[in-house]
Amino acid sequence: MFKSIFVPTTGFSNDPAALETALGVARAFGGHLDCVHVRPDPSQIAMQAAGYDVGMGMAFATGNIVEILQEEDRKQTARAKKIYDAFRQREKLDEVNAPPCALSPSSSWAELMGREKDILLTQARVHDLTVIGHPAHWGVLTRETVGDMLVGGGRPLLLATEKAPGHFGETVAVAWKDTPEAARAVTAAMPFLTRARQIVLINIAEHENVTIEPVDALAKTLRWHNLSAEVRYLAHPCGSMHDTILTLAKQAGADLLVMGGYSHTRLSERLFGGFTRHVLAGANLPVLMAH
């Protein structure tokens, strides 16, 4: 179950939807939200300022740039905390800093200083689930950082929509592909699948060697868990692969999409290049991913 839920905050417009989506998970499983804002340490700010200084020549002194960057960090942190406080007060969440706690959802706030990527990876690894805001408004979170969290975090990511849904997880669509990533995504999604009213397994043949047998076998495995799943198999996509998946999920009335996160050779595009990026950009439902 998803009891320990990590929510990285940015101070940007996608924070509210991420917090509300994470709360939806916490309500379903009696979970706790660990809301963390990462701040750069002084050495990182100095290095960043030096880069600006080189790029601008003598237009600014490094010391002035450091002050500007420090002030921007303070403002960004204050925005993130203000969004969190308003959310917690509106939802009447108890602020709890250590387990155990009541079965009702709770939350906590922390500001950690250091290298963002390292902190986010560590936090992702020690939580059951990480909830990230919609990629259109990631702000300081880069594609590479979020990709590293999925690939190197060893835990599932739940990507929120631009506006948090009132509820989700009643009808779960699984974008099945006969790969380790998709298999791990299904395993990660089992807490949602066991609660779902309807499960739809979507399988689209990318080439002539892809048959219906693997997805039928997955449906059989789910039946051993007393879960009934409908299989929707297409011998070829109707248009692009990502559009076909989203269309089938919409036709099924899905309010949660489960899929594997597929890596690419270039580090900076290991998650959000190509197929996965297009699915996330066009999805109007939360997407649970595992690598």
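Two strands pair if DSSP finds at least two bridges between them. Helices (H or I, at least four residues) and strands (E, at least two) are DSSP runs, numbered from the N terminus. This is a predicted model, in which local features need pLDDT of at least 70 and side-chain atom pairs count only at pLDDT 80 or more, whereas totals for chains, interfaces and linings use all residues. Residues are numbered from 1 along each chain as its sequence is written, and side-chain values use heavy atoms, with hydrogens and water left out.

**Figure 1. Strand E7 and its partner E8.** Strand E7 covers residues 171-176 and strand E8 residues 198-204; the two run parallel and are joined by six bridges. Within this pairing, Ala-175 has Ile-202 of E8 as its bridge partner. Six of the six residues of E7 are buried, so the strand is largely enclosed by the rest of the structure. Here buried means under 20% relative accessible area, exposed means over 50%, and partly exposed lies in between (1.4 Å probe, protein chains only). Thr-171, Ala-173 and Ala-175 point one way from E7, while Val-172, Val-174 and Trp-176 point the other way.

**Figure 2. Strand E4 and its parallel partners.** Strands E2 and E4 run parallel and are joined by eight bridges. Glu-95 stands opposite Ser-107 of E4.

**Figure 3. The buried residues of helix H4.** In helix H4 (residues 116-126), the buried residues are Ile-119, Leu-120, Leu-121, Gln-123 and Ala-124. In an α-helix there are 3.6 residues a turn, so residues three or four places apart point the same way.

**Figure 4. Aromatic rings around Phe-2.** A search of the whole structure finds five aromatic pairs. Rings of Phe, Tyr and Trp (its six-membered ring) pair if their centres lie within 6.5 Å; planes under 30 degrees apart count as stacked, over 60 as edge-to-face and the rest as tilted. Phe-2 and Phe-29 form an edge-to-face pair, at 5.5 Å centre to centre and with 85° between the planes. This pair links distant parts of the chain, 27 residues apart, with Phe-2 in the segment before E1 and Phe-29 in helix H1 (residues 15-29). Phe-2 is buried at 4% relative accessibility, and Phe-29 is buried at 6%. Phe-2 also pairs with Phe-192 in a tilted arrangement, 5.3 Å centre to centre with 40° between the planes. Phe-192 belongs to helix H6 (residues 180-195) and Phe-2 to the segment before E1, so this pair ties together parts that are 190 residues apart in sequence. Both Phe-2 and Phe-192 are buried. Ring pairs link Phe-2, Phe-29, Phe-168 and Phe-192 into a cluster.

**Figure 5. The surroundings of Phe-2.** Contact means heavy atoms within 4.5 Å. Leaving aside neighbours within four places in sequence, Phe-2 is in contact with Val-25, Phe-29, Gly-31, Asp-128, Leu-129, Pro-156, Ala-188, Pro-191 and Phe-192. Phe-2 and Thr-130 are 128 residues apart in sequence, yet 9.7 Å apart in space from C-alpha to C-alpha.

**Figure 6. Arginine charges over phenylalanine rings.** A charge sits over a ring if NZ of Lys or CZ of Arg is within 6 Å of the ring centre and within 35 degrees of the ring normal. Arg-195 lies over the face of Phe-29, at 5.3 Å from the ring centre. The charged end of Arg-79 sits over the ring of Phe-12, 5.8 Å from its centre.

**Figure 7. Asp-73 in helix H3.** Asp-73 is placed in helix H3 (residues 62-91). At 11% relative accessibility, this aspartate counts as buried. Apart from its neighbours within four places in sequence, Asp-73 is in contact with Arg-39 and Pro-40.

**Figure 8. Cysteines and model confidence.** A disulfide is a covalent bond between the sulfur atoms of two cysteines; the criterion used is a pair of cysteine sulfur atoms within 2.5 Å. By this rule, the count is zero disulfides. Cys-35 is buried, with a relative accessible area of 1%, whereas Cys-238 is exposed at 57% relative accessibility. The predictor's confidence in each residue is given as pLDDT, from 0 to 100. The protein averages a pLDDT of 87, and 85% of the residues score at least 70. Over residues 264-271 the pLDDT stays under 50, and the model has 19 contacts beyond four places in sequence for this stretch.
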